[in-house]
Amino acid sequence: MIINAQQARSIYQSATGVQRLKYQVIHARMCLREDKDEARRAAEATLQALEASGELLAPVLQELAHAQMLFVLTNCALSDGHPDRAAALQREALAITLRSPDKVLAVDTLLKAAVNFDMAENYPRMLDILSHALQIFECPDIFDLPSLYFDGVSNQLASGREETLLLLRVRLEYNSARAQFKCGHCDQAVSHVFRAIADCDKMSAPIVHAYRAALYMLLAEVYLDLGCSVKARDAVEKFEASARKSADPVLLAKIEFFWALIYADRCDFTRVIDICRTALASNCSGLPLMRCRYNELLSRAYRATAQARKALTVCQEALQDKELAHGRFSRCLLLAESIRNLEHCQQTSKARRQALELLESARALKFNKGCIEAHAALSRLYASGGKATRALQHAQEAQSIAGRQYSAAVYIRVAEAECRYKLLHSHEEARLQLLRNERLEQELRTRDLEIERLNNQLTAKTSVIESARRRACSSRRNGAAADDWRELIVDLDQDRDDKDAWRVFADRFFARNPDFNEKLKELGGIFSAAELKICALCAARMSIKDSAALLLVSESAVLKMRWRIRKKLQLRRSQNLAGFLAAI
């Protein structure tokens, strides 16, 4: 896996043919993370190599690689302050991509371009690119179109073409959600996240755990930003479960950070400080953005525990760190935290300078939360300096942006997005549950009919035996041959003592109610074996007469046992024993 420009450069310099071109394209894209000038030179060199390659690459691949390099040059033009040239390059790259016959590869190219803009923290352009990609994916027959894309990713998923396309759509939805959140559109971000989670639920490949973890991580950030603490905690729990299943070291390194955010939301700042200091001591797995966020969170925790000097020191050291200052979004976070600390330490002049810097950076990034922080800080600082007019202007501007981002309508749309996901996710499960219930009901009806049939057979058999035994005893008293009648009575008693009748009933009853005895013992005291049998017969709605015949005891014995059972269960006179036991 390529993670930086240096690795890509070392590979393409030693490769030849198609592999050299492939890694040359990757190298140019990776340079955007580190050095825009190097990225420009790499992109121009790659364009020349593509033109000189002739028929080395398929025409579709050559055109889309050309478009990727134009997107890289768009980023470079924007960083150099040439928006008109950037717009022209982007239009050309989009035109090449959208006219490609290979729609799936075109979507992948647009996704890579969006990631380029993400590296440059240009989220509005990132959204524009992703909107084109999502429009292509709405094509109804995209799952049936041929594409060279599957040749490059066939080793990632063993479940075939459909899951590969679903994974591509998950990546699109995730990046769209990320861009919407950075632009302050929390409701749309939640909607994209839930659509992606619904797609993840349709896949079985192991790689999906990493994407599900990233989605829940983003969802937790959105909920924390909206102040939905309970939902944020639930999202973090799901993120941790998915991250551990994925075993991705980057995701695992972020688990503690998100728990620190939850603890900060609960004002448990002692635990937050411990987590942040431990993470910073271990270099946060070498991730600059994570170091920045840990510093920002540590500073906030220090300030909340009345350690303002420590908080200010943490922020100032982080702002002077060249590696952390490379990312404009990271710097905005640190500046916002530093301004609060400077205000707390009454260093108003420095706080005002940093607030103006934050406002400029946040406007360039269209980072609404940063703009709100900057305007609010400037309003406070101008008010403390006696400049009421300026203070009011900044306060009104902060209120206007906050109203757009955190209005009640946003929360309503977030709730609607959640409901849509729940309906989508539960539809298939509800259909399967309905089928399971229908099969279970049919099985229960069959078993009820079987138990009723057996009860009738057993009752009839017992009645015949009892009648014959009574006649035999009567004939014996009337002087019949003693040996003949004694033999008949013994045979009838042997048949009458046979336990098969109870065994058949018990097998049927306990197959339907396997934990009946355990539930019964939880309700009352200690039941004898005979009382447990009576309970089972009552639950099956068997009469006293039939119960006596089945158990080969007198009806009075059954009545006594039923009375003892009612006493142990502490039933009132108005309560029906059979109905109570049948409901267990």
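Colleague: Why does Cys 139 count as partly exposed?

Modeller: This is a predicted model, and in it Cys 139 has a relative accessibility of 29%. Buried means under 20% and exposed means over 50%. The 29% of Cys 139 falls in between, so "partly exposed" is the label.

Colleague: Where does Cys 139 lie?

Modeller: In the loop between α7 (123–137) and α8 (149–153). Cys 139 and Lys 103 are 36 residues apart in sequence, with their C-alpha atoms 9.3 Å apart in space.

Colleague: Which residues is Asn 116 in contact with, leaving aside neighbours within four places in sequence?

Modeller: Arg 29, Leu 32, Gln 68, Phe 71, Val 72 and Asn 75. A contact needs heavy atoms within 4.5 Å.

Colleague: Ala 65 next. How do you know that it is buried?

Modeller: Its relative accessible area is 9%, which is under 20%, so Ala 65 is buried. Ala 65 has its place in helix α4 (residues 59–79). With neighbours within four places set aside, Ala 65 is in contact with Val 25 and Leu 50. As for Leu 47, that residue is 18 places from Ala 65 in sequence and 8.4 Å away, C-alpha to C-alpha.

Colleague: Which loop holds Ala 247, and what makes Ala 247 count as exposed?

Modeller: Ala 247 is in the loop between α12 and α13. Its relative accessibility is 51%, and the cut-off for exposed is over 50%, so Ala 247 counts as exposed.

Colleague: What is the phi of Arg 541?

Modeller: Positive too, at about 65°, although Arg 541 is not a glycine. Arg 541 is found in the loop between α26 and α27 (544–551). At 55% relative accessibility Arg 541 is over 50%, so it counts as exposed.

Colleague: Why are α26 and α28 called roughly perpendicular?

Modeller: Helix α26 (residues 529–539) and helix α28 (residues 555–569) pack at an angle of about 90°, and their axes are 10 Å apart. Angles from 65 to 115 degrees count as roughly perpendicular, so that is the name for this pair.

Colleague: Which residues meet there?

Modeller: From α26 come Ala 530, Glu 531, Ile 534, Cys 535 and Cys 538, and from α28 come Val 558, Met 561, Arg 562, Arg 564, Ile 565 and Lys 568. By kind, this contact has 7 nonpolar residues, 4 charged ones and no polar ones.

Colleague: How far does α20 reach?

Modeller: Helix α20 (residues 368–384) has 17 residues and runs 24 Å from its first C-alpha to its last, close to the expected 24 Å. Among its buried residues are Cys 371, Ile 372, His 375 and Tyr 382. Just after α20 comes Gly 386, with a positive phi of about 85°.

Colleague: How many residues does the largest nonpolar core have?

Modeller: It has 57, and Leu 215, Leu 219, Tyr 223, Phe 239, Phe 258 and Leu 297 have the most contacts inside it. Helix α11 gives the largest share of this core, with 12 residues. Away from its close sequence neighbours, Leu 297 is in contact with residues including Phe 257, Ala 260 and Val 272. A second, separate core has 48 residues, among them Val 107 and Leu 168.

Colleague: And how many helices and strands does the whole chain have?

Modeller: There are 29 helices and 0 strands. Of the 584 residues in the chain, 45% are buried.

Methods:
Residues are numbered from 1 along each chain as its sequence is written. This is a predicted model: local features need pLDDT of at least 70, side-chain atom pairs count only at pLDDT 80 or more; totals for chains, interfaces and linings use all residues. Side-chain values use heavy atoms; hydrogens and water are left out. Axes are lines fitted to C-alpha atoms, for helices over the stretch in contact, and angles run from 0 to 180 degrees between N-to-C directions. Helices (H or I, at least four residues) and strands (E, at least two) are DSSP runs, numbered from the N terminus. Angles under 35 degrees count as roughly parallel, over 145 as roughly antiparallel, 65 to 115 as roughly perpendicular and the rest as oblique. Ala, Val, Leu, Ile, Met, Phe, Trp, Tyr, Cys and Pro count as nonpolar, Asp, Glu, Lys and Arg as charged, and the others, Gly among them, as polar. A nonpolar core is a set of buried Ala, Val, Leu, Ile, Met, Phe, Trp, Tyr and Cys residues joined through side-chain atoms within 4.5 Å. Buried means under 20% relative accessible area, exposed over 50%, partly exposed in between (1.4 Å probe, protein chains only). The expected span of a helix is 1.5 Å times one less than its number of residues.
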